[in-house]
Amino acid sequence: MGGATLLKETGPREVFCGLTSIVWLHRRMPDAFFLVVGSRTCAHLIQSAAGVMIFAEPRFGTAILEERDLAGLADAHEELDRVVKDLLARRPEIRTLFLVGSCPSEVIKIDLARVAERLNGELEGRVRVLNYSGSGIETTFTQGEDGALKALVPLMPNSQENQLLLVGTLANPVEDRLTKLFKRIGIEKINSFPPRQSIDLPAIGPGTKVLLTQPYLTDTARVLKDRGAEIIKAPFPLGIEGSRLWMEAAANSFGINKSLVESTLSPLIVRSRKALEPYKEMLAGKRLFLLPESQLEIPLARFLHDECGMEIVEVGVPYLNRDLMQAELDLLPQETVVVEGQHVEKQLDRVREKNPDLVVCGMGLANPLEAEGISTKWSIELVFSPIHGIDQAADLAELFSRPLHRRNLLTQKHLVQV
Ligand code: SF4
């Protein structure tokens, strides 16, 4: 086990639910549609989280079931069938339909796996219907992506071919840059999952080496392993060092010489270190508290400490997969406190007591903390921003220096007024 101190906490939580990941998944796979089977609350969440899509033809919707009398479940099934058939008649371009479960009790009563199976039988050849849960009772927001990808795995064809499979949604330009780098070090066959079209699923099998791009894909990694793929153990590609070690681990598993990786990455590293300097000046010595939400917290803490000089007060994670996270835990400084789970009241008490310079947290906690004079960074911004890879390190650091810069400006303004 690494140098960090691992603790667990249970109690009230304050995190987004798994429905939120629809916002980046529907952008990644434009031929897929995400139909939330839920309440008006679910519809509001997804509409406001995806507010930027308001003028575009949305690829998500909500079948609102809460107002029906579900004493007879047949009603709910009929209603769902009607919504799905209307949708498919209006939107012939949909090739994969995800039925996404939520937490209202009316929805929990419906067996969405059976609904998907029945609809698949009726709609065979027209569209593939899958289901997963985005319920706030079972999932935090990035776990929605894990559920969607896990649901796709059984549809992936078999292959014995050797390949590198990048698993986890990346911004398309970031994916292109990383793929180019892997090709330059001699890895010929590279695929990504999820693909850019839901029907272009890569084939997998014993020749597949999986390199996770995101730390929250526990279930997906497990089912890929069950299909014969090997999961490469590595830190995650955040920051210069994390990205370098991530690429090195992939190269190593393909038997590629480390010196070739070094010579390929070296100019990139020099450039990125220079770009990082101004943010490092702003961040060095500042005290950081990460509240649990995205599961990106441990790699972020590692980057902000090692490469930006921040002092880590506490790292909260909603869920800790020690196996997938071991390489990251090993890189954390010896005394780092990592708390899995959440008791939001106790955690907020610790924030107030320790009075950090910056808190990474969900949107619901950010405003109250700001009102108390504590600078915050929304963790949801990190999943919407292209932050992966060596050349994104400065942009990643900039996301954290921005609230500190804003606080400085406000303090100066206040001093001038006084
Ligand atoms: S799934 Fe549950 S937590 Fe998420 S928006 Fe719907 S009701 Fe709220």
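Predicted model: local features only at pLDDT ≥ 70, side-chain atom pairs only at ≥ 80, totals over all residues.
1. Residues are numbered from 1 along each chain as its sequence is written.

2. Start with the open sheet, where six strands follow the order β1-β12-β11-β10-β13-β14 with parallel pairing. Strands here are DSSP runs of E, at least two residues, and helices are runs of H or I, at least four, numbered from the N terminus; two strands pair if DSSP finds at least two bridges between them. At the edges sit β1 (5–9) and β14 (375–378), each pairing on one side only.

3. Now look at β11 (residues 311–317) and β12 (residues 337–341): these parallel strands are joined by three bridges. Gly316 has Val339 in β12 as its bridge partner. Helix α13 (residues 344–354) packs on the sheet and touches β1, β10, β11 and β13, while helix α11 (residues 297–306) lies across β10 (287–290), β11, β12 and β13 (358–361).

4. Which residues does Phe98 touch, not counting those up to four places away in sequence? They are Ala32, Phe34, Leu35, Leu130, Asn131, Tyr132, Ala148 and Ala151. Contact means that the C-beta atoms, placed from the backbone, lie within 7 Å.

Note on methods: Contact = placed C-beta atoms within 7 Å. Axes fitted to C-alpha atoms, helices over the stretch in contact; angles between N-to-C directions.
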